[in-house]
Amino acid sequence: MTITATTTPQPTATAPDKRRPGVGAALRWEIVKLAAQIRSRALLAVALIIPPIVVAVLNGQQQPPSDTIYGRHVHDSGYAMPLLMLAWAAQWVLPLLAAVVAGDIFAAEDQHGTWKTLLTRSVSRTHIFWAKTLTAIGYNLLVLVVFAGGTIAAGMLIVGTQPLTGLTGQAIASGTALRLVVTAWATTIAPIIGFTALALLLSVRTRNPAFGIAAPVVIGFVMQLLGSVTGLDLTRKFLLTTPLEAWHGLFAQHPFTGPLATGLAVSAGWTIICLAGAYLSLRRRDITGG
Amino acid sequence: MSDVLAVDAVGLTKTYGTLTAVDRLSLQVGQGEVYGVLGPNGAGKTTFLRMLFGLIRPDAGTLHILGRTWDEHGIRALDGVAGFIESPKFYPGLTGRKNLQLLAGLDGGAGRSRIDEVLETVDLRGRERDKVGGYSFGMRQRLGVAASLLRDPRLLVLDEPANGLDPAGIRDMRALVKRLAGSGLTVLLSSHDMAEVEEICDDVTIMRTGAVVYHGSIAALRAKAPEQAHEIHTTDDERAALLARAAELEVTRLDDGLAVRGPQPQIDALVAQLIGEGIALRRLTRRETPLEALFFMLTEPDTDPAAPELAITGAAR
């Protein structure tokens, strides 16, 4: 092996800095890195492929899943399918979707030992924090759109666009039903961002990708358990899983949006607290190992 | 060269609980210098470099890097600075070139030709399309240097760049660092290898358990070094020791043989005398170099660096 050295161009001591890299540069770096991950591409593929399969299987079953909200209506309207899927996904799928990338995105740098490599470049911890946070949120919203879009389209194509029966027994016309179904899925955006922030916090704090991914799902289960305990009405309001059920009010004879507003505020609270915790933790951390 | 010091550390201190990793470290590195920070493992070298790169905050003291400080300039403190701490790490699932592209993106980007140039510099052309996960340790070290050069640094900081390399890799890495230093780059080299620092650096700070035990030029250090030590194995070590002491050589009994220290002519005379006395010489080997011996004297835990014979702080800047 022969190593040759070339003269490195020397900037002058007082030369003004060229355009400084910032969040944009860090964001491009993180997106390229995410796009190269098999896991992130696989999750998108799963979000696209699974809904039509599940819808087709449910549609083919003689006995609909009557014990689940909108389960009994899956053969009656293609709009019932995405609502059944939404109720099912809210239990653990949505927290998992939120955590797969977010729970790993900071901890992976610890795992690869690359913090020192990154933080000796021209971008600050703040830049990297926001780049990772925006990437995780953006990616999760993309997965949500693909998952929701696939589910709604599959329901309409496989079952049909019949009017939907409301939760109080009223008939909802096809066009209105579609709008309400899309709105119902849209209401999960805020809690999904909340779960993303929770996963980001765990990713920063634990420095362990497996924990960052699994813990939000477990925490989601625990919240659902707490939410089902009678006598904890006040606690239930502050759980991050409660906003995932706030769409029910849209399908009543007289729609009510109070739970949606509360859910939005609760999700925002979780998001702000978790992101602030993650940010401060990353800013203050001594990078000694990774 | 600019009057601004490349590195100006004054009273830097970092503690972890009851452990003082760096204790009131002061050192100055001028631009264009090739400067060594030397010490055994745990001496505080890497902790100092972490503070330099802003990875950890000092508990006390000030640190200017090319005239900038972390407190005043934030990440701009690293403008003109590049390097790596411990072994450089990359994304194993990406190719060498992709890793360099990504890292260059964090500095505002680099063209294909520039990446080709640094890959050529570290002799990684032809392997840049391989995933880093398949790279040898030495290749990753060289990729680390390539990633550093992409920043067009004025100050290159290398933490034990030859650590873990095979002899050929060590030779090539040292040659690379020397050539980079020859191009006018300021090089701050951390090492636990006296020979490496002696070969590459002009000035050195030697650390032990967080504190500076020597600071000055290699030339001044060399002047303070003890005589060369040899290890002698004979058929009669008892008599050999007596003869060596009579020749005013410093003698230490080893489990097997003797260690003798003194000027080369006296060693030569002793060898001749041993043969003349009918004592067969079974082995004569050089022990550590004088500078290495001095390094051990300065840094080994059972020696007191403040002892008069070891208080050898070099010329002040």
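Author: Happy to start with a residue pair: B:G36 stands opposite B:V204, a residue of β8(B). Keep in mind that this is a predicted model.

Reader: Nice. Which way do β3 and β8 of chain B pair, parallel or antiparallel?

Author: They are parallel: β3(B), residues 34-38, and β8(B), residues 203-208, are joined over four bridges.

Reader: And what is the strand order of the sheet with β3 and β8 in chain B?

Author: The order is β5-β6-β7-β3-β8-β9 in chain B, an open sheet of six strands with mixed pairing.

Reader: Which strands stand at the edges there?

Author: Those are β5 (81-84) and β9 (211-217) of chain B. Each has a single partner strand, so one side of each has no neighbour in the sheet. From one strand to the next, the twist averages 15°.

Reader: Which strands does helix α1 of chain B touch?

Author: Helix α1(B), residues 45-52, packs on that sheet and touches β3, β6 (155-159), β7 (186-191) and β8 of chain B. Its direction makes about 145° with that of β6(B).

Reader: How many bridges join β11(B) to β12(B)?

Author: Four, with β12(B) covering residues 258-261. For B:V251, the bridge partner in β12(B) is B:V260.

Reader: Let's move to the contact between the chains. How many residues does it take from each?

Author: Chain B gives 45 residues and chain A gives 38.

Reader: Which elements of chain B supply at least two residues each to the side that touches chain A?

Author: Those are β5, α3 (96-105), α4 (112-121) and α6 (167-182) of chain B. The largest share, six residues, comes from α6(B).

Reader: What about residue classes on the side of chain B that touches chain A?

Author: By class, that side has 24 nonpolar, 11 polar and 10 charged residues.

Conventions
Residues are numbered from 1 along each chain as its sequence is written. Chains are lettered from A and ligands numbered from 1 in the order in which they are written. This is a predicted model: local features need pLDDT of at least 70, side-chain atom pairs count only at pLDDT 80 or more; totals for chains, interfaces and linings use all residues. Two strands pair if DSSP finds at least two bridges between them. Axes are lines fitted to C-alpha atoms, for helices over the stretch in contact, and angles run from 0 to 180 degrees between N-to-C directions. Two residues are in contact if their C-beta atoms, placed from the backbone, lie within 7 Å. Ala, Val, Leu, Ile, Met, Phe, Trp, Tyr, Cys and Pro count as nonpolar, Asp, Glu, Lys and Arg as charged, and the others, Gly among them, as polar.
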